Amino acid sequence: MDGSRIGIEYLSAGANRQTAAADWSDDGIVAFGADTNVALWRPLESPPKGVASLLSGHENIVKAVRFLPKSEGELAAHLVTGANDQCLKLWSLSDGAASCIQTVHAHTAAVNCIATLHQRGNPSTSPRVFATGAADASVKTWIFDGKEVRLLQTIKTTPKFFPLSIALSTLNDDGEALVMAVAGTRDIIQVFVANSRTSLEFQHQATLSGHEGWIRSLDFTWESGARGSDLLLASASQDKYIRLWRFRQGKELPAAAANAADPSMGAFLPGKSPSNKAHRLRVAENDFSVTFEALLLGHDDWIYSARWYSDASTGTPQLLSASADNTLAVWDADPSSGIWVTTVRLGEISREKGATTATGSTGGFWTGLWSPNGSSVVCLGRTGSWRQWDYSKEQDQWIPHVGISGHTKAVSGITWSKNGDYLLSTSADQTTRLHASWNKGAGQKTWHEMARPQIHGYDLNCVDSLGNSKFVSGADEKLMRVFDEPKAVAKLLARLCDIGNEHVETMPDAANMPVLGLSNKAIEAVDDDLEVQVANPETDRDALDPGSTVRKSALEIDHPPFEDSLSRHTLWPEMEKLYGHGYEISCLAASHDGTLIASACRASSLNHAVIRLFETEKWSEVKPPLTAHSLTTTRLRFSPDDRYLLSVGRDRQWVVFERNGDNRQSYTLLQSNPKGHSRMILDATWAPLTDSLVFATAGRDKQVKIWRRAPADSADGSITCVTTIPETHPVTAIDFLRCDATNETLLLAVGTEIGKLSIYSIDATSLNMSSTLNLPPE
């Protein structure tokens with residue numbers, strides 16, 4: 001294995017639902033928080049390859065991500081991230097490699113937001129300034145000299161609030177005077193100014209009022225590319241409105257403010273009348289005024305983010321807003337009247353909005369980002385998925401593009417289909433997802449989420465395949481559910497992934513979920529022109545969600561499904577429920593011939609720590625259940641020939657059951673080891689050997705043990721440990737590579753609690769470890 005090269009084929013990670021947890025660099029990289037990691041993605045790459053790498057280092061949820069502006073001649077990009085672990089990390093990104101060059105622990109609570117300095121043109125070689133806001137009710141300003149970050153100032157918010165957004169900009173063309181706007185869990189915006197970069201000390205000089213809810217986003221831009229133009233601040237709030245504020249140099253006020261004749265000041269405005277009070281700033285012997293400029297109405301729910309983009313040629317600013325009403329809006333100032341209007345609205349704006357939160361139809365968009373050239377936008381939705389639109393000049397419209405998706409909570413189970421065509425994954429985010437390789441031709445293959453077969457109301461714990469078009473999953477409920485592939489998804493996989501299935505015509509058309517239910521119902525796809533009536537779920541419990549009705553053309557596409565199709569049109573119908581357990585399902589396994597399902601539930605007594613077998617012809621339980629464990633079973637595995645069933649558990653023991661010769665559905669205890677490991681056993685796997693019984697177990701005692709049964713002609717036919725592999729951390733997952741039985745070397749993959757992956761070469765005869773390959777962290 002010395003000459004082997006192992007690379008990342010596919011990374012799937014859902015984004016954290018935080019407004020400040022993503023940024024798009026001038027190099028075309030989107031960095032976003034994915035649980036405790038930072039994911040890097042190039043949206044404009046062709047073909048779309050999804051997440052390129054993961055930066056690990058934070059110990060809690062990443063909430064703030066921001067690229068620092070590049071200095072002249074600088075090759076490496078620098079990224080600042082903040083998380084719930086109260087740390088700031090500085091990363092250097094160059095030539096596809098990334099490394100953490102500094103970790104700062106200055107805040108005493110979660111870091112909520114990071115702001116970099118907005119200024120004209122590229123920054124010179126002078127040090128770069130940025131600010132951070134945290135749940136310790138403080139704002140800290142920092143300076144980066146190209147090598148390290150230094151703390152300059154700490155500002156405690158008065159009156160006390162938690163900063164959720166900060167904006168930082170130069171006030172005039174010479175770039176000396178700076179202004180910082182801070183807002184968060186109050187309905188006010190505080191404005192701080194600093195006289196110069198050399199003696200950077202911000203002083204509070206104004207408080208802007210008018211919003212009636214928490215303020216989620218702030219951003220500065222220049223009104224035009226001309227020197228001396230005014231500075232505009234956009235503030236987005238939970239009161240469903242965006243306010244624009246004008247910063248002007250000099251004592252003279254803007255015309256509308258001076259005359260109190262702003263056209264947006266009419267009595268028709270909701271809530272309080274907008275204040276036209278002028279706020280005065282005094283910075284480095286210069287006077288500035290801050291006045292209310294415009295109120296932007298158009299969203300129906302909380303607004304999470306507002307971001308400016310200024311056209312490089314004209315300097316005309318555009319504003320991108322993302323809201324909980326499932327829309328992304330682009331705002332422009334009307335050239336003749338100056339009134340701000342919505343010119344583009346993207347997202348879920350059809351009449352079939354989807355009535356359930358399960359399908360991800362509600363929950364809205366958490367943040368929106370402009371590409372560096374303004375020709376693309378991406379937004380983050382409730383399901384942790386990124387949607388992308390690219391502007392087409394020929395069609396003069398925004399065209400949806402393939403984004404990326406992934407689980408938003410811990411992945412609890414994965415399984416390949418029996419022929420290895422696709423991968424199924426389940427997660428604590430209550431979804432089961434199907435991942436497959438998109439074959440674009442010309443050798444271009446990229447992996448994507450192709451279907452979302454199950455969207456549940458309970459956290460999912462385990463999954464296994466039953467043949468090539470069925471699977472069974474277990475969740476935090478007492479039953480298991482069996483799903484059958486629908487015709488629409490089978491045809492999609494055949495068209496995009498070259499995955500064939502000879503039973504397509506006998507499959508159900510599609511699936512839908514009742515508004516008040518958890519079971520996916522098989523339905524017929526409807527014609528494109530059919531009007532779907534909205535039913536009342538209070539009177540009809542089986543009322544179908546009109547937002548997830550599948551039309552016949554819904555999945556007749558030449559690309560992986562977009563997020564709205566994934567969450568609505570790719571559900572698999574539920575064909576069976578398997579009952580018997582008294583507590584939540586902890587693990588399950590399907591036999592390789594697909595005729596049996598073994599399962600176990602969470603248990604603290606012998607009565608519940610049983611393994612139940614279900615046959616898949618009539619879907620009935622094979623009684624009696626298998627008994628051996630006294631606590632929760634953590635893993636079940638059938639041997640390659642289904643002759644043996646291996647179980648391991650929290651009671652530190654492993655158990656091997658053997659199939660009765662004549663009755664293929666009956667298993668009896670062969671051997672158990674109550675002291676297999678010194679702490680709980682977390683995983684187990686069978687070696688792909690047909691002539692002997694060999695398996696491996698892994699536990700919290702930081703060891704992997706390989707066990708073998710003595711030959712049948714020996715005096716003692718018991719199973720004993722022949723090899724022990726020590727690890728530095730608890731081992732949470734192991735698996736043998738399924739290979740030809742004639743191979744002289746077995747490959748064992750080992751994963752630990754901290755995310756470390758290793759591959760061990762095991763001699764097939766002696767079962768001794770011959771070599772090790774540690775995979776680089778991604």
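User: What makes Glu563 and Arg452 a salt bridge?

Analyst: This is a predicted model. In it, the side chains of Glu563 and Arg452 meet at 2.9 Å, N to O. The cut-off for a salt bridge is 4 Å between a side-chain nitrogen of Lys or Arg and a carboxyl oxygen of Asp or Glu. The value of 2.9 Å is within 4 Å, so the label applies.

User: Where do Glu563 and Arg452 lie in the chain?

Analyst: Glu563 is in helix H3 (residues 563–569) and Arg452 is in strand S33 (residues 444–455). They are 111 residues apart, and the pair links distant parts of the chain. Both Glu563 and Arg452 are buried.

User: How many salt bridges does the structure hold?

Analyst: The structure holds 25. One of them joins the side chains of Glu477 and Arg481 at 2.8 Å, N to O. Another is between Glu621 and Arg612, with the closest N and O atoms 3.0 Å apart. Glu223, Asp230, Arg246, Arg248 and Glu293 are linked in a network of salt bridges.

User: Why are Glu477 and Arg481 called buried?

Analyst: Buried means under 20% relative accessible area. Glu477 has 9%, so Glu477 is buried. Arg481 has 4%, so Arg481 is buried too. Arg612 has 16%, which is under 20%, so the label holds there as well.

User: Why is the pair of Phe220 and Phe247 called edge-to-face?

Analyst: The ring centres are 5.5 Å apart and the planes stand at 75°. Rings pair if their centres lie within 6.5 Å, and planes over 60 degrees apart count as edge-to-face. Phe220 lies in strand S17 (residues 215–222) and Phe247 in strand S19 (residues 242–249), so the pair ties together parts 27 residues apart in sequence. Both Phe220 and Phe247 are buried.

User: What makes Trp686 and Phe695 an edge-to-face pair?

Analyst: The centres are 5.5 Å apart, with 65° between the planes. That angle is over 60 degrees, so the label is edge-to-face. Trp686 counts as buried at 8% relative accessibility, and Phe695 counts as buried at 0%. Ring pairs link Trp686 and Phe695 with Tyr644, Trp654 and Trp707 into a cluster. The whole structure has 20 aromatic pairs.

User: How do you know that Ser321 makes polar contacts with His299 and Trp331?

Analyst: The cut-off is 3.5 Å between N or O atoms. The side chain of Ser321 is 2.7 Å from that of His299 in this contact. The contact with the side chain of Trp331 is at 2.9 Å. Ser321 is found in strand S23 (residues 317–323).

User: What makes Ser321 and Thr697 buried?

Analyst: Ser321 has a relative accessible area of 0%, so Ser321 is buried. Thr697 also has 0%, so the label is buried again. Thr697 is in strand S49 (residues 694–699), and its side chain makes a polar contact with that of His677 at 2.7 Å.

User: Why do S34 and S39 count as edge strands?

Analyst: Four strands form an open antiparallel sheet in the order S34-S35-S36-S39. Strand S34 (460–465) and strand S39 (574–578) each have a single partner strand, so one side of each is left without a neighbour in the sheet. S39 pairs with S36 (residues 480–484) over four bridges, in the antiparallel sense.

Definitions and conventions. Residues are numbered from 1 along each chain as its sequence is written. This is a predicted model: local features need pLDDT of at least 70, side-chain atom pairs count only at pLDDT 80 or more; totals for chains, interfaces and linings use all residues. Side-chain values use heavy atoms; hydrogens and water are left out. Helices (H or I, at least four residues) and strands (E, at least two) are DSSP runs, numbered from the N terminus. Buried means under 20% relative accessible area, exposed over 50%, partly exposed in between (1.4 Å probe, protein chains only). A polar contact is a pair of N or O atoms within 3.5 Å; within protein, one must be able to donate a hydrogen and the other to accept it, and residues adjacent in sequence count only if both atoms are side-chain atoms. Two strands pair if DSSP finds at least two bridges between them. Rings of Phe, Tyr and Trp (its six-membered ring) pair if their centres lie within 6.5 Å; planes under 30 degrees apart count as stacked, over 60 as edge-to-face and the rest as tilted.
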